[in-house]
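Here's a quick tour of a few local features in this model. Have the sequence and the 3D view open as you read.

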Amino acid sequence: MTTSSETNVDIEMHQLPRDLRSGERTIRLRHLASDDGNALLDFGRRQPNEDLLFQERDITNVADIGDWIHETEAGRIRSVVAEEHGEIIGYATIERGRLRWTRHVAEIRVMVDVGARRVGLGHVLLGLAFESALNDDVAKIIAQMTPDQVGARKIFERLGFVEDAVLTRHVASADGELHDLVVMRFDTKQRLICLECGQAVLTLIPLQGKQLCWACYEILDLELGAG
């Protein structure tokens with residue numbers, strides 16, 4: 001369960017589309033649609049080159065975006081986009097390993113437009129992807145980034161991700177320069193489980209001797225007359 005501090009609204013994957021409000025901004029969170037190709041292409045071409053290094057696919061390329069949409073429609077990737085004024089300003093994806101010996105691994109990727117950062121959107125998208133991956137009953141969740149993406153690394157570390165490996169000179173920028181790639185992991189045996197409903201969540205809240213998800217906390221809080 002992901003909660004927007006601006007709206008105090010619980011947002012879960014199955015509830016999309018939903019609106020996220022931050023100040024005077026209203027951002028719609030929804031599943032990727034088949035006609036999002038041009039909007040995704042515009043999004044990709046607005047991003048700095050250094051932010052495109054760790055991406056699995058080239059989001060500035062028409063063919064790669066077409067493959068992404070096709071894979072999403074086929075159910076092999078789950079994709080959520082954030083939209084504002086008709087423009088895509090962020091996305092999150094969850095992709096399971098396709099080989100028999102990697103099916104226990106899920107990879108999550110989150111990217112936010114340079115003009116939409118510092119409003120909490122990255123946290124919300126990551127929360128959606130993370131909890132969706134947890135509910136898939138995978139053993140391991142991974143994320144990849146370059147070493148200089150310090151902000152992204154800190155967000156993942158707050159969720160309990162740790163460094164799994166550093167692949168030296170593993171990604172090449174458009175000018176041919178080689179960069180290291182950091183792989184971070186979250187072993188799902190670390191996951192937090194609400195003692196009331198059994199849901200895997202990012203954080204638990206103590207109440208009456210129980211560790212609860214936000215939804216169960218609110219219900220019990222009201223029953224106790226505190227709301």
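Two strands pair here if DSSP finds at least two bridges between them, and helices (H or I, at least four residues) and strands (E, at least two) are DSSP runs, numbered from the N terminus. This is a predicted model, so to speak of local features takes pLDDT of at least 70, side-chain atom pairs count only at pLDDT 80 or more, and totals for chains, interfaces and linings use all residues. Residues are numbered from 1 along each chain as its sequence is written, and side-chain values use heavy atoms, with hydrogens and water left out.

Here are the strands and helices to look for.

| Element | Residues |
|---|---|
| α1 | 37–46 |
| α2 | 62–73 |
| β9 | 162–172 |
| β10 | 178–187 |

Let's take the strands: β9 and β10 run antiparallel, joined by seven bridges. V166 has V182 of β10 as its bridge partner. The two strands make a hairpin with five residues between them, and G176 in the turn shows a positive phi of about 90°.

Now the helices. α1 packs on α2 at about 125°, with axes 10 Å apart; axes are lines fitted to C-alpha atoms over the stretch in contact, and angles run from 0 to 180 degrees between N-to-C directions. On the α1 side, G37, L40 and L41 make the contact, and on the α2 side V62, I65, W68 and I69 (contact means heavy atoms within 4.5 Å).

Finally, G198 sits in the loop between β11 and β12. G198 and C213 are 15 residues apart in sequence, yet 8.9 Å apart C-alpha to C-alpha.
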